[in-house]
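Hi,

Here's the structure I promised to pass on. Have a look at it, then read on for what turned up.

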Amino acid sequence: MALTLLKGIQSRPLLPRPSTFITRKHVFFCSMQNTQTETTTTTTKTKQQTHSNFTETPRAKAVEKVLKDYEAIIGIETHVQLATMTKAFCSCAYSYGSQPNSCICPVCMGLPGALPVLNSKVIEYAVMLGVALNCKLSLNSKFDRKQYFYPDLPKGYQISQFDIPIATNGFIDLDLPLEFGGGHRRFGITRVHMEEDAGKLLHTGSGSYSQVDLNRAGVPLLEIVSEPDMRTGIEAAEYAAELQRVVRYLGVSNGNMQEGSLRCDVNVSIRPIGQLEFGTKVEIKNLNSFSAMSRAIDFEIARQAALYNQGQAEEIVQETRLWEEGAQKTVTMRKKEGLADYRYFPEPDLPEVIFTEEYVNGIRDSLPELPELKRRRYEEMGLSMQDVLFLANDVNVADFFDATIAKVPDVKLAANWIMGDIAAYMKNEKLSINEIKLSPQELSELIASIKSATISGKIGKEILLELMEKGGTVKGLIKEKDLVQIVDPVEIEKIVDKVITNNPKQLEQYRGGKTKLQGFFAGQVMKESKGKANPGLVNKILLEKLNAKNG
């Protein structure tokens with residue numbers, strides 16, 4: 001199990017929560033006379049676009065042209081908010097959207113005398129992610145204080161990890177979608193380290209003061225730093241999407257970018273083809289979707305290339321830029337004079353974190369099947385890459401698919417139903433696969449009923465819709481609605497005879513050469529049988545009857 005070693009630290013009781021400190025509906029106010037240009041405080045809400053929408057833009061084509069002369073170097077720092085019951089160093093629960101400053105205590109507020117106590121789940125989740133990202137784990141690591149001032153950081157420092165992160169030297173594998181050329185990619189992971197989140201500043205419209213919400217202060221994070229291995233906006237977006245899949249498969253985070261549970265800061269530089277030295281990197285923030293990430297990188301590559309081409313490469317400076325969704329461009333947020341001196345030193349109020357190989361192996365053995373392994377397994381089943389990427393993208397869809405084929409091992413049929421009618425219904429109704437009333441067992445039963453010719457495919461679609469809307473069982477609906485397929489040739493022949501007798505004009509036209517009218521007769525037979533006649537038998541008998549007196 002994970003061990004923590006105390007190094008002469010005496011525990012002291014926490015101070016009581018000072019209720020008089022919370023004012024004006026739990027919102028702290030911090031006077032901040034803004035000397036900088038006022039930044040936009042309203043987040044632009046945009047519908048997340050599909051990759052195919054943003055890859056066909058003129059900007060993407062321009063970037064493709066730029067990359068013939070320049071190479072882009074892209075690295076990503078990703079903060080993943082952990083789905084623990086309580087914060088990293090205190091017993092406060094955190095819930096996104098809670099009333100400001102309603103999930104805080106003396107530890108969160110950094111009050112004097114309040115001591116942190118490490119949440120052991122943070123270590124467990126960090127080891128899980130480290131193993132999942134194929135990292136080398138530090139069996140003996142520690143926490144450090146990262147010193148910097150900001151109004152939403154009440155202690156004046158952040159508890160993080162500096163020189164001994166919990167995981168290093170890993171990699172992540174992914175498959176690019178076919179519309180981007182497909183192919184397998186492996187991107188390096190430099191490090192994964194544990195830290196706490198800061199609070200949040202809510203800027204007023206006038207800019208005369210800002211409100212401080214400390215609910216998020218102390219929420220556990222894992223920071224994942226990639227190697228600068230990505231070369232295009234698409235690769236960067238797919239890397240981030242794969243990280244989201246991994247943390248969701250593991251259950252360590254919900255990975256929702258809209259809630260800030262997964263935040264990506266992208267570093268972009270370019271260099272002329274053949275040059276070994278890296279160019280000046282620019283950091284991009286305010287990326288709230290994968291498509292925004294790809295578009296922001298495309299813009300930044302084109303911007304830097306234009307400066308190179310105009311002989312103004314010196315104007316590319318190390319800075320932080322914000323992505324403006326409305327204007328579809330990056331703008332300067334702040335210049336970076338050089339590396340910040342955070343004056344790291346070991347956190348004196350927390351013990352070292354020590355765990356054993358046995359502890360790591362226990363976690364390794366408990367991991368679920370991860371996205372990369374799932375994709376390879378689906379490929380071995382004979383599914384196309386398009387099917388594989390769709391099914392493995394969402395852990396709940398993958399679980400539904402696996403549960404379905406466990407009962408009826410027709411993987412292609414199961415995939416077609418899930419990717420077709422079921423996906424369309426979920427999209428129209430804005431539901432997840434866990435929210436529809438259909439169970440994997442009933443989808444298996446439906447497929448089995450169609451394969452055994454108990455019901456037709458057309459009837460199957462009708463049953464499926466009712467199962468998704470209201471629930472129930474396949475057998476129950478078949479019995480209740482008398483939907484059993486007619487497979488008796490004699491019974492079908494009677495229906496065919498009746499249809500031909502009732503449509504003499506169409507019969508004459510058919511025998512006169514308008515053979516496309518066969519579809520009309522087949523439709524009439526299915527209508528007469530209320531969709532229950534076996535389509536194969538209908539076509540066979542119908543052709544025999546229609547051509548019986550022909551010539």
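**Salt bridges**

There are 41 salt bridges in total, counting a side-chain nitrogen of Lys or Arg within 4 Å of a carboxyl oxygen of Asp or Glu. Just so you know, this is a predicted model, where local features need pLDDT of at least 70 and side-chain atom pairs count only at pLDDT 80 or more, while totals for chains, interfaces and linings use all residues. Residues are numbered from 1 along each chain as its sequence is written, and side-chain values use heavy atoms, leaving out hydrogens and water.

Start with Glu-300 and Arg-321, whose side chains form a salt bridge at 3.6 Å, N to O. Glu-300 sits in helix 5 (residues 290–309) and Arg-321 in strand 15 (residues 319–324), so you're looking at distant parts of the chain, 21 residues apart. (Helices are DSSP runs of H or I with at least four residues, strands are E runs of at least two, and both are numbered from the N terminus.) Both Glu-300 and Arg-321 are buried; that means under 20% relative accessible area, with exposed over 50% and partly exposed in between (1.4 Å probe, protein chains only).

Next, find Lys-545 and Glu-493, with their closest N and O atoms 2.8 Å apart in a salt bridge. Lys-545 is in helix 17 (residues 535–546) and Glu-493 in helix 14 (residues 489–502), so this pair ties together parts 52 residues apart in sequence. Lys-545 counts as partly exposed because its relative accessibility is 23%, and Glu-493 does too, at 32%.

Cheers
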